Amino acid sequence: MIGKSASKSDPKKSAEFRRKESARVGAINRAKTELSQDVYEQHKGLFDAGPANLKRREKCRDSFVEFCQTYGKTAFNLKWCKNHYKAAEKIEDSILTGEWFALAMPRGTGKSTLARWGCNWAAVYRHSLYSLLVAATGPASDELLRSVKSTLMNNELLYDDFPDVCVPIRHTGGNAQRALGQTFKGKSTRIRWEQGAICLAEIPVEYSKAQNAIIETVGIDGQIRGRSFEMTDGEVVRPTFCILDDPQTRKSARSTPMTNERLDIINGDIAYLPGPTEPMGLVMPCTVIQKGDLADQALDHSLYPEFQGEKTVMVESFPENMDLWYEYWEIRKESYSNGGKGKEANKFYKANRAAMDKGCVVTWEERYFKKKGEISAIQHAMNLFLKDEASFFAEYQNDPKAEVEEGLITVTANDIAKRVRPNLKKTIIPASAQKVTAMIDLSKKVLWYSVCAFNDEFGFTDVDYGAWPEQNVNYFTLSSARISMQMKKPGQPESVYILNGLNQLTEAILGKEYKSESGGIYTVTRCLIDEGKWQDIVHAFIRQSKFKNIIIPSKGRGIKASSKPLVDPNKRPASGEKNGHYWKTSRKKGGLTSVHFDANYWKTFIFNALHADVLSNRAFTLYDAKPHLHKMISEQLMGEYPIDMTNDNSGVSKREWHEYPDKRDNHFLDTVVGCCVAASMEGIKVPEIQDGEIEKPKKKKISLAQKQAERRGHA
């Protein structure tokens, strides 16, 4: 009763009491929170004791292999093969000295795991203060970081020997907000544990070397340029090591523009992330999806020697007695059909193992499925091979086979870039040349051209090619061309700037005297200009051009197997027409003569020439330059793909050429075709081949079993 009356008589005192009590409780709670956020207060025993085994920790400092085999026993639970040691050595060099390394290993060999552990090693010893994980897509790069996080969070041996790294990580509980408030003796550790980044804690103890080591992740199509991090003392650091894990998708591998864009990002953006005075170490675990893709180019030492590409295989040599293996496979299939799960095949292999293994060399003896009854790595490899030969060569040999119809051409852009005529400089005419012709192809932004020199057997060299206006770069596409014809005549209509371009370009290539290897002088004697959708402009230009006697407007027609031939040898040409070798000329209104040609025939002819030996008299070659300088024309020559078609009614077969769905640039394919047509018009006799037929004999696909039989003389 007394208390009640006192409380009622003194309400201010009661409110003041409650305020103070709330403040007191709040202070206690804040102190508890601060205490719980102070990683030292929570784990001072671990920090003060230091590494559980300092000798073990220091032994791994300068050896990446030792680090993996000591702390990664769960991740690397099988005995290593020689390729693992080779890859680990390359990764170590990349981290310590800034070397680049592209690594293609069979699927399941652990190349990505090795690369991720390289990131762990770089961070915990601070060999790289700032590492970047880049993958083909954003989600794929996030998955990479999750794997790194899992190791740092859950590996018990790392926790024992690296308390400065792992204890603060576990203290966050994987919570980004809790990480923000973490302290060590009252001072922020600056640890970050975010979706796209890790920053290791700043732990001021004598044995800690990993303070604020950074690991970030991004997709190759994300924001890569300008990445940096400000340290406690204000120093701005930039990435010095990058894991580029399988940086292409199946879609990008099949797209030349996407492949080139990703190569540009690697060579332009990633390479210069550290700044002007620090090298960027780069490890790229990769898989070759198809010939000419990003991985295939990176592994080609002639194209990108700086990548030091290393390609390894599952099988170095196949068994000598393939007949026994095919018999084994039939037994295995029948066993699975009858519910035997391959036991009969395993029995057959045991009984004949010596003969079946003879001659076979696999790279990793430990790799086979014991739980499935497999007895050896050879048996495992042959099971994969016999199940799907095409997938085996792609996934396990890093040598995908082109899935093409019988006889279709399989030359790649990389092959073309290397087809140079030795010691022949740009614009110099080979001594064997008889004629020099040119072709100009119009597009909305630029004019494309080629100048080719032909010998009397129709072998030819593209001695000069390019675009007007000049772009001042070795490689560009129509979409990326920065200097357009419009920019040379701003504010003028289309007819004006195209006419200006044609005047400027023809003066440059038709008014030029070309020196020969033998000391003579050549000029272009015939030039075709594609009239296409700009027919009126092209015709108007030719009428007023001082080179009108050697220029002729042209149009390629895709003559199909189902079409009538462009030139019927059984019919006399109409009045004003002239028939040639898969081309014909006709007189137009105004007195101009134009030429139409069978584009499918001439594109096939060019690719026949691309299969001829470079030193032969029927080969297509380029002037002598390093392969990367011919990258643009090489890719454009591969800008279309062939399909062999047969007319069911007439029986006529024809190779027909089609644009890719992604509309790749093919302008130089058109200019080289035009040069060939012009050479034929100038009297160079074309080698005898049938309509659309490949000059060299068609080859049938031969199975490995047939090849083995041929070697033994059984075929």
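This is a predicted model: local features need pLDDT of at least 70, side-chain atom pairs count only at pLDDT 80 or more; totals for chains, interfaces and linings use all residues.
Good morning. Leaving aside neighbours within four places in sequence, Asp160 is in contact with Gly50, Pro51 and Ala52. Asp160 belongs to helix H9, which covers residues 156-161. Is Asp160 buried, partly exposed or exposed? Its relative accessibility is 34%, so Asp160 counts as partly exposed. Please also find Arg57: 103 residues separate Arg57 from Asp160 along the chain, yet their C-alpha atoms are 9.8 Å apart.

I now turn to the aromatic rings. The count of aromatic pairs comes to 38. One of them joins Tyr328 and Tyr349 in an edge-to-face arrangement, with 6.5 Å from centre to centre and 65° between the planes. Tyr328 counts as buried because its relative accessibility is 0%. Tyr349 is buried too, with a relative accessible area of 0%.

Tyr582 and Tyr601 form a stacked pair, at 3.7 Å centre to centre and 5° between the planes. Which parts does this pair tie together? Tyr582 lies in the loop between strands S22 (578-579) and S23 (583-587), and Tyr601 lies in helix H23 (residues 599-611), so the pair ties together parts 19 residues apart in sequence. With 0% relative accessibility, Tyr601 counts as buried.

Ring pairs also build a cluster from Phe67, Tyr71, Phe76, Trp80, Tyr85, Trp117, Tyr125 and Phe162.

Finally, I come to charges over rings. The charged end of Lys149 sits over the ring of Trp193, 5.3 Å from the ring's centre. Lys512 lies over the face of Tyr514, at 5.5 Å from the ring centre. Thank you.

Note on methods: Residues are numbered from 1 along each chain as its sequence is written. Side-chain values use heavy atoms; hydrogens and water are left out. Helices (H or I, at least four residues) and strands (E, at least two) are DSSP runs, numbered from the N terminus. Buried means under 20% relative accessible area, exposed over 50%, partly exposed in between (1.4 Å probe, protein chains only). Contact means heavy atoms within 4.5 Å. Rings of Phe, Tyr and Trp (its six-membered ring) pair if their centres lie within 6.5 Å; planes under 30 degrees apart count as stacked, over 60 as edge-to-face and the rest as tilted. A charge sits over a ring if NZ of Lys or CZ of Arg is within 6 Å of the ring centre and within 35 degrees of the ring normal.
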